[in-house]
Amino acid sequence: MINYFYLVFLYILILFVISAFFIKKTLNSFEEYGYCGRSLSIGFIFFTYLGTWIGGGTIVGLISRGYDFGASQYWIIALSCVVEIFFALFFIGKIRQSELKSITDFFAVRYPDKDEIVRIPVSAAILIRNITMIAMQFSALSYLITFIFGINRNLSLLLVFLVVISYTVLSGLWGVAVTDVFQGILQTIGIISLCVITYKLCGGLDFTKTFYDAAGMSEHLNLFHVSDSWYSLFLFVGAYGLFFLMNDQTNWERIYASKSTKTAKWGFAVPLTVTLISLVAIVYIGVFQRVLVAPYSGSSYILYHFIFTIMESKWSILILVALLASIMSTADSFLLASGITLSENVIKTFIIKDATDKEQIFFTRIFVIATGSMAFAFSLNTDDILGLWMTGIGMTSVILLPGYFMGWLKQRPHTRAILAGMAAGIVYDLAMIFTPLGMDAEHICIGILLNLIICFVATPFVRKEARL
């Protein structure tokens, strides 16, 4: 345990040293702090995407799902990557051409009436998505610390919160991008190593197939096994897939921060391909581990149980570092995106319109801490890591997707109609949380459709009122 303690401490120290190196560069320029002066090369873009997309929550959650339900759980996450191919083809060039920094900028340009008040609900919706993503990483890392050191999970969460928040606020996107290069390499090596080791320990494909055949679960080995109806698949795509045609604020920041459109496109497409391949390895790790650890009641801990009780210690250290890398690299990206979103779209736009760069950096750091605090509170009562991922996407989609897609049309609804649809989406989200309605794919699709209908119904009335 002492060796693991020193390893974790050394890793955290390295992150702080790397971040501290860029403090001076980002002290006085918000453009440098938030967008790296729009100078990120393809190497930085590649690894910061890779580090963000394959988070610890994804690894731990997908392995757990693969262990419980089989390889077809791959598509829960992989669907987002498939949809992002179309985002790269049809939207990245337009975003760069329009000089858009963020999703909120897009809505403000498309729906500018009422002094760009649309920025408020859009920022709130982005915050919902970001908080759930950060909470995923906090939960994954707290499980790891609890398993290694045997301390209370709430205390583990507090330690995780303090560490990730501290190095994220130091040097902004430069710190995030550079540490993500370091962490992206480590997590990729770790995933490949973990998959190979697990495969060998479980006796290879033949023994694994024999095990699942004997258990009557041969379908668990099939990546394309789908037991749901086409209707259920359609709902899943609508509830969780369409979101990625809009995508996360973290990705919009990197598109804007890229030094050229070519860099933005290739820097997005290449790590996307690597991610799709890596997710196959991750889900099969869970499938193979069932052969070695069956049955195991706490599937949320299955990866950690495997690493620290079955794997040789020389390999467990490597995998531990890889997990730390994947968790940290995702959490810092979504934390920073939240801070920038609130600083630019609340403080700069509505409260202190002549805010200096130093003031914007200050408020970004304050909001990074505030967002991290909300994610910390959220993760205290959450065990289903991938459930968090789906919840964040679903709630954000209900509020934003209709307005986003209509924003690309030449004949767009009136701003007040869009705001009415968003308000309905927010109310519907609250109903899904606090009533027996539930937050499954069907109800999320109904919420998106309700938002869309209200936008169309309200548009003729607000346009007529505007003419009067």
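Trainee: How many helices and strands does the secondary structure of the chain come to?

Mentor: This is a predicted model, and its chain comes to 21 helices and 0 strands.

Trainee: What does the radius of gyration say about the overall form of the chain?

Mentor: The general idea is to compare the value with that of a compact globule of equal length. For 468 residues such a globule would have a radius of gyration near 23 Å, and the chain has 22 Å, which agrees. Taken along the principal axes, the C-alpha atoms fill a box of roughly 75 × 55 × 40 Å. Of the 468 residues, 59% count as buried. Among contacts with a separation of 6 or more, 86% are accounted for by residues 24 or more positions apart.

Trainee: At what angle do helices α6 and α15 pack, and how far apart are their axes?

Mentor: Helix α6 (residues 74-90) and helix α15 (residues 261-292) pack at about 170°, with their axes 10 Å apart. Therefore α6 is roughly antiparallel to α15. The crossing of these two helices is left-handed.

Trainee: How is the packing of α12 against α15 to be read, and what is its angle?

Mentor: Helix α12 (residues 204-214) packs on α15 at an angle of about 70°, with the axes 10 Å apart. Accordingly, α12 is roughly perpendicular to α15. Phe-207, Thr-208, Phe-211 and Tyr-212 of α12 make this contact with Val-287, Phe-288, Arg-290 and Val-291 of α15. These residues divide into 6 nonpolar, 1 polar and 1 charged.

Trainee: At what angle do the axes of α16 and α17 cross?

Mentor: The axes of helix α16 (residues 302-309) and helix α17 (residues 313-351) cross at roughly 150° and come within 9 Å. This makes α16 roughly antiparallel to α17. The crossing is left-handed. The contact joins Leu-303, Tyr-304, Ile-307 and Phe-308 of α16 to Ser-316, Ile-319, Leu-320 and Leu-323 of α17. By class, the contact of α16 with α17 has 7 nonpolar, 1 polar and no charged residues.

Trainee: Is helix α8 largely enclosed or largely open?

Mentor: Burial is judged from relative accessible area, and a residue under 20% counts as buried. In helix α8 (residues 103-110), 7 of the 8 residues are buried, so the helix is largely enclosed by the rest of the structure. The buried residues are Ile-103, Thr-104, Asp-105, Phe-106, Phe-107, Ala-108 and Arg-110.

Trainee: Where does Ile-54 lie, and is Ile-54 buried or exposed?

Mentor: Ile-54 lies in the loop between α4 (42-53) and α5 (56-69). With a relative accessibility of 1%, Ile-54 counts as buried. Leaving aside residues up to four places away in sequence, Ile-54 touches Ile-59, Gln-187, Ile-191, Thr-275, Ser-278, Ile-282, Ser-326 and Thr-330. Its C-alpha atom is separated by 9.9 Å from that of Ala-325, 271 residues apart along the chain.

Trainee: What is the phi of Glu-99, and what is the phi of Asn-247?

Mentor: Most residues other than glycine have a negative phi. Glu-99 has a positive phi of about 60° although it is not a glycine. Asn-247, likewise a residue other than glycine, has a positive phi near 80°.

Trainee: Where do Glu-99 and Asn-247 lie?

Mentor: Glu-99 lies in the loop between α7 (92-97) and α8, and counts as partly exposed at 47% relative accessibility. Asn-247 is placed in the loop between α13 (230-241) and α14 (249-257), and is buried, with a relative accessible area of 0%.

Notes: Residues numbered from 1 in each chain as written. Predicted model: local features only at pLDDT ≥ 70, side-chain atom pairs only at ≥ 80, totals over all residues. Heavy atoms only, no water. Axes fitted to C-alpha atoms, helices over the stretch in contact; angles between N-to-C directions. Helix = DSSP H or I, 4+ residues; strand = E, 2+ residues; numbered from the N terminus. Parallel < 35°, antiparallel > 145°, perpendicular 65-115°, else oblique. Left-handed = near helix turned anticlockwise from the far one by under 90°. Buried < 20%, exposed > 50% of the residue type's maximum accessible area, 1.4 Å probe, protein only. Rg over C-alpha atoms; globule rule 2.2 N^0.38 Å. Contact = heavy atoms within 4.5 Å. Nonpolar A, V, L, I, M, F, W, Y, C, P; charged D, E, K, R; others polar.
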